[in-house]
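User: Hey, I'm new to this one. Can you put it up and walk me through it?

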Amino acid sequence: MQRLKKTVVMVGMMGAGKTAVGTAVARALGVPFRDSDEEIVKAANRSIAEIFERDGEPFFRARETEVLARLLRGAPCILSTGGGAFLSDANRALIQKAGVAVWLRADLDLLWQRVRHKSTRPLLRTANPRETLRQLYEARVPFYSQAAITVDSAADLSIDEMAAKVIAA
Ligand code: S3P
């Protein structure tokens with residue numbers, strides 16, 4: 001088993017492929033994979049959409065910070081995060097101290113193609129989700145670009161090809 005020195009934290013927009021690519025990276029390296037959204041869902045015993053609806057986004061963000069802190073204290077792994085996880089100063093500091101952030105960068109059209117048919121993302125339940133996605137993207141790029149490593153996604157790359165790019169980077 002290859003050893004990781006630090007947890008590799010996948011950051012970036014919804015639809016960037018953080019979970020799919022992170023899973024493939026972990027499999028290729030023979031290291032554990034964790035997903036912060038999944039941990040939040042497990043602990044709350046309800047979906048992300050239900051958490052946003054019933055408890056509100058601030059509650060979700062507080063759970064997200066707790067989960068990140070806990071996972072980053074544990075053994076190194078590949079850790080996929082939700083699209084908003086790298087925005088707060090506290091989360092970024094935590095991630096940059098205990099892990100290595102990898103921004104999966106994808107252009108807006110590709111992200112939209114991937115998320116448009118899914119209704120699972122509460123932040124995109126707006127009158128104009130395409131415009132909402134654009135606004136989130138614009139607002140978030142300055143944060144994602146603070147990741148230690150940036151890997152570009154492209155429509156013609158498979159998950160395994162993306163994983164190979166992440167490992168090489
Ligand atoms: C969010 C992205 C989602 C999830 C939540 C909030 C965001 O994760 O954490 O809906 O703020 O962009 P994915 O990036 O895996 O879709």
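**Salt bridges and the ligand site**

Analyst: To start, the salt bridge count comes to 12, where a salt bridge is a side-chain nitrogen of Lys or Arg within 4 Å of a carboxyl oxygen of Asp or Glu. This is a predicted model, where local features need pLDDT of at least 70, side-chain atom pairs count only at pLDDT 80 or more, and totals for chains, interfaces and linings use all residues. Residues are numbered from 1 along each chain as its sequence is written, and side-chain values use heavy atoms, with hydrogens and water left out.

User: Which side chain does glutamate 39 meet in a salt bridge?

Analyst: That's arginine 70, at 3.2 Å from N to O. Glutamate 39 is in helix 2 (residues 36–44) and arginine 70 is in helix 4, so the pair ties together parts 31 residues apart in sequence. Helices here are DSSP runs of H or I with at least four residues, numbered from the N terminus.

User: Switching to the ligand: how many residues surround it?

Analyst: 14, and the closest are Lys18, Arg61, Gly83, Arg121 and Arg140. Being near means having a heavy atom within 4 Å.

User: What polar side-chain atom lies 2.6 Å from a ligand oxygen?

Analyst: One from arginine 140. An N or O atom in the arginine 121 side chain is 2.7 Å from an oxygen of the ligand, and a polar backbone atom of glycine 84 is 3.3 Å from a ligand oxygen. A polar contact is a pair of N or O atoms within 3.5 Å.

User: And which helices supply shell residues?

Analyst: Helix 3 (48–55) and helix 4 (57–73) each supply at least two.

Definitions and conventions: Polar contact = N/O pair within 3.5 Å; in protein donor to acceptor, adjacent residues only side chain to side chain.
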